[in-house]
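Take a look at the protein below. The paragraphs after it lead from the whole chain down to single residues.

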Amino acid sequence: MVVGIAALPSVCGAQADDPKKPEVLAKRFVDAVNSKSVESRKAILHPKSLACINAQTQLFYDWIFSRQFQYAIRPNYKSSAAAIARDEVPDLEGEADYPLVPTHQLQIDFDTGPFSGTTVVLLMVYDARRWSEVLPCPRPATIARMKAAQEEAAKEEQRLESLAANVTEPLRAELIELMKKGRRVDAIRRYAVVSGEDLATARRVVELLMPRQ
C-alpha cells in the first residue's frame with residue numbers, strides 16, 4: 001500500500017494553521033480516510049514521521065492505514081483536542097519510538113452503525129506553521145515480529161483453504177445447504193464434529209465453502 005515517501009504540501013504562500021485550533025487536523029484526517037488515498041493520509045504526517053516510512057518499515061504503516069481505511073466517516077463526526085504533558089504521551093513499550101515528542105492529542109468520534117461508534121486518537125504537534133500528526137517509528141524487532149506473524153497467518157490461511165477444498169460430498173452439500181438456510185451455527189458445529197477441528201477453524205472452513213459472489 002505505502003509506496004515511496006510523499007512530501008507534505010508546502011505551507012509557503014498558503015495560510016498557516018492557527019496554533020490555537022488543533023482541531024483543523026480532524027478534517028484533514030477524515031478527508032484522507034474517506035478518500036482511501038495513502039498519499040493523502042501520509043500528507044498529514046509531520047516530516048519526521050514521514051521520514052520513517054521506507055521499504056523496511058512499510059508493513060507497519062500499511063497495517064495502520066489499512067485499518068483506518070475500513071471506515072467511512074460521515075460529516076457528523078465530533079472532534080476535540082487537548083494539550084498533553086511529556087509524561088502523558090502513551091508508552092510504546094519498546095515497540096517504536098517517537099521521532100519528536102507530541103504536544104497535543106486529537107480525539108475523533110464517529111458512528112459506524114445505528115448503535116455503535118468508533119474513537120480514533122491522533123498525537124500531534126504544531127510545527128512550521130502547521131498542525132501535523134506524529135506517528136511513531138517502529139523498531140527493527142517490531143517489524144521482524146510483524147513479518148513473522150504475517151507469514152504465520154498466511155500459512156494458516158493456506159491450511160484452511162486446503163481443508164475446505166478437501167470437504168467431500170455429501171458433507172459439502174449438507175454444509176452449504178445449512179448456510180443457505182441461515183443455519184450458520186449448525187453448519188459450523190457439524191463440520192467441527194466431523195473433522196475434529198475447533199470451532200474457530202470450522203467457522204472459516206464453512207465460510208470458504210460458500211460460493212463467492
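For a count of charges, Lys and Arg are positive and Asp and Glu are negative, while His and the chain ends are left out. Each charge is placed at NZ of Lys, CZ of Arg, CG of Asp or CD of Glu. On that basis the protein has 29 positive and 28 negative charges, and their mean positions lie 4 Å apart.

The model is predicted: local features need pLDDT of at least 70, side-chain atom pairs count only at pLDDT 80 or more, and totals for chains, interfaces and linings use all residues. Residues are numbered from 1 along each chain as its sequence is written, and side-chain values use heavy atoms, without hydrogens and water.

Start with the overall plan. The protein has eight helices and six strands. Helices here are DSSP runs (H or I) of at least four residues, strands are runs (E) of at least two, and both are numbered from the N terminus. In order from the N terminus, the elements read α-α-α-α-β-β-β-β-β-β-α-α-α-α. The radius of gyration is 23 Å, well over the 17 Å that the globule rule gives for 213 residues, so the protein is more spread out than a compact globule. That radius is taken over C-alpha atoms, and the rule is 2.2 Å times the number of residues to the power 0.38. Along the principal axes, the C-alpha atoms fill a box of roughly 70 × 40 × 35 Å.

Next, the surface and the interior. The protein exposes about 12,600 Å², with carbon and sulfur atoms supplying 54% of it. Such areas come from the Shrake-Rupley method with a 1.4 Å probe; for residues, only the protein chains shown count as cover. Of the 213 residues, 36% are buried. Buried means under 20% relative accessible area, exposed means over 50%, and partly exposed lies in between (1.4 Å probe, protein chains only). Contacts are heavy atoms within 4.5 Å. Among contacts between residues at least 6 apart in sequence, 68% join residues at least 24 apart.

Now go to helix H4, residues 58–68. Its buried residues are Leu59, Phe60, Tyr61, Asp62, Ile64, Phe65 and Gln68. What covers them? The cover includes helices H1 (24–35), H2 (38–42), H3 (47–50) and H5 (140–165), as well as strand S6 (137–138).

Move on to the strands. His104 lies in strand S3, which spans residues 104–113. The side chains of His104 and Thr103 make a polar contact of 2.9 Å. A polar contact is a pair of N or O atoms within 3.5 Å; within protein, one must be able to donate a hydrogen and the other to accept it, and residues adjacent in sequence count only if both atoms are side-chain atoms. Beyond its neighbours within four places in sequence, His104 touches Pro22, Ala82, Ala83, Ile84, Leu122, Leu123, Met124 and Trp131.

Two loops hold backbone exceptions. Most residues other than glycine have a negative phi, and most peptide bonds are trans. Ala128 sits in the loop between strand S4 (116–127) and strand S5 (130–133). Its phi is positive, near 55 degrees. Ala128 is exposed, at 54% relative accessible area. Arg129 is in the loop between S4 and S5 too. Phi of Arg129 is also positive, near 70 degrees. Arg129 is partly exposed, with 40% relative accessibility. The other case is the cis peptide bond between Glu169 and Pro170, where omega is about 5 degrees. Pro170 lies in the loop between H5 and H6.

Glu174 belongs to helix H6, residues 171–180. Glu174 is partly exposed, with a relative accessible area of 31%. From Glu174 to Ala85 is 89 residues in sequence and 60 Å in space, C-alpha to C-alpha.

Val206 lies in helix H8. Is Val206 buried or exposed? Val206 is buried, at 1% relative accessible area. Leaving aside neighbours within four places in sequence, Val206 is in contact with Met179, Ala187, Ile188 and Tyr191.

Pro211 comes in the segment after helix H8 (199–209). Pro211 is exposed, with a relative accessible area of 53%. Pro211 and Val101 are 110 residues apart in sequence, and their C-alpha atoms are 50 Å apart.
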